[in-house]
Amino acid sequence: MLDLDRASVFVLGRVHGLTRQQLGAAVSRAGAHLQTRLKKRVTLVAVGSGTAHALLTGSRMIHVLERMPDHAALISELSLQRSLGLAPPPVEEERWMTIEDVARLSGLDEEFLFWLALFDVIEPVEEFYGYRDLVSAKEAARLMREGCDFAALVTAAVALRREGTRLSEVRLTVGPDGAVGRNIEGVVARLDGQFALPFEALPERIDDIVECAEEAEMLGDLEAAERLYDLAMKMDRDDPITPFNLGNVLDAQGRHAEARILWRKAIARAPHFPEAWFNLAVAEEDGGRKDEAITCYCKALEIAGNYADAAYNLALLLQSLDRFADALPVWEHFIGLEPGTPAADTARKRAIECRFRMRGLSIAE
């Protein structure tokens with residue numbers, strides 16, 4: 001596992017299941033800094049396997065590799081997630097083969113194996129490979145011989161991993177359009193979503209769609225972002241990020257009631273989603289449903305105790321309701337989270353006011 005302390009991290013593509021805010025927070029907790037652009041000070045470049053197809057069929061990946069600082073390391077999405085404590089460690093198994101061994105036994109060259117590892121198709125540990133890696137490499141070689149292109153191969157392997165399966169555990173087939181699928185009752189089905197849609201029924205890949213939606217949202221094209229997030233939600237009915245992001249887009253358009261429904265859907269899919277609880281709390285407070293807002297702020301803090309915005313908003317709301325004894329410890333908690341900041345200075349003044357009011361006094365007295 002990599003030590004990310006003081007690292008400057010750039011992520012190429014999208015990390016599946018994480019918003020940009022969540023990823024940035026996780027990187028910060030590890031003592032590193034997430035860069036939005038590839039700068040000279042970047043020390044680590046992680047490749048998001050969720051957008052593998054877009055990266056491998058376009059010029060973006062080549063462009064980034066050409067501009068990477070010489071001192072920067074290149075790692076896979078899974079390696080980054082493990083270093084952030086967001087993914088379990090590799091399965092314990094005997095690993096004794098070098099890359100030269102796997103290349104010789106699979107018929108693939110070492111550069112090809114490097115790319116497979118970069119997209120987590122195979123999983124070396126300290127540069128050694130196990131039997132499952134060899135089987136995955138052999139399966140990759142077979143599919144390539146059958147006419148599969150590398151982007152389609154990696155996309156299939158990523159979809160399998162999300163289902164808890166590796167390339168070594170299934171036998172795939174190449175569809176009429178060159179994409180990789182599984183044969184389900186005589187129908188070749190894509191490896192997107194629930195493995196249940198025929199090739200011709202699904203012209204896009206969900207991670208590519210979500211990445212386009214995020215870019216549209218960032219550029220302020222909210223109508224396009226809404227259409228794309230809505231499509232992604234229909235393709236994957238388990239992912240909590242798409243309803244969360246769609247809720248944000250609807251809220252930005254002033255469609256607050258619809259946004260609340262989407263944030264609740266995100267919570268239903270992932271109950272421990274503090275950002276969704278926070279957004280819902282703000283919406284409930286804005287709608288005058290203050291008890292509901294308090295419940296949601298408390299839930300966000302219960303899940304993520306260092307959620308400073310939730311602590312500040314909760315303390316402010318409690319104080320506005322004259323619940324000074326409840327507000328005071330929340331203000332003190334916030335001050336501990338944001339020491340030395342202007343917001344902490346404000347919180348300190350409000351905490352003093354709470355103490356006075358608890359004694360039946362006002363600041364003027």
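## A residue in helix H13

Start with Asn279, which sits in helix H13, residues 274-286. Keep in mind that this is a predicted model. Is Asn279 buried or exposed? Its relative accessible area is 17%. The cut-off for buried is under 20%, so Asn279 counts as buried.

What does Asn279 touch, apart from neighbours within four places in sequence? Its contacts are Phe244, Asn248 and Trp263. With Asn248 there is also a polar contact between the side chains, at 2.8 Å.

## The largest pocket

The largest pocket has a volume of about 830 Å³. Its lining is made up of 26 residues. Closest to the centre are Ser79, Pro124, Val125, Glu126 and Glu127.

Which helix gives the most to this lining? H4 does, with four residues. Strand S4 (73-76), helix H4 (77-83), helix H5 (99-106) and helix H6 (110-118) each supply at least two. By class, the pocket lining has 16 nonpolar, four polar and six charged residues.

## The cavity

How many cavities of 30 Å³ or more are there? The count is one. The largest cavity has a volume of about 40 Å³.

Asp120, Val121, Ala157, Arg161, Thr165, Arg166 and Leu167 line the largest cavity. By class, that lining has three nonpolar, one polar and three charged residues.

Notes
Residues are numbered from 1 along each chain as its sequence is written. This is a predicted model: local features need pLDDT of at least 70, side-chain atom pairs count only at pLDDT 80 or more; totals for chains, interfaces and linings use all residues. Side-chain values use heavy atoms; hydrogens and water are left out. On a 1 Å grid over the protein atoms alone, a cavity is a set of points where a 1.4 Å probe fits but cannot get out, and a pocket is an open set with protein on both sides within 12 Å along at least five of seven lines; lining residues have an atom within 4 Å of a point. Grid points are joined across faces, edges and corners, and a volume is the space filled by probe spheres set on the points. Ala, Val, Leu, Ile, Met, Phe, Trp, Tyr, Cys and Pro count as nonpolar, Asp, Glu, Lys and Arg as charged, and the others, Gly among them, as polar. Buried means under 20% relative accessible area, exposed over 50%, partly exposed in between (1.4 Å probe, protein chains only). A polar contact is a pair of N or O atoms within 3.5 Å; within protein, one must be able to donate a hydrogen and the other to accept it, and residues adjacent in sequence count only if both atoms are side-chain atoms. Contact means heavy atoms within 4.5 Å.
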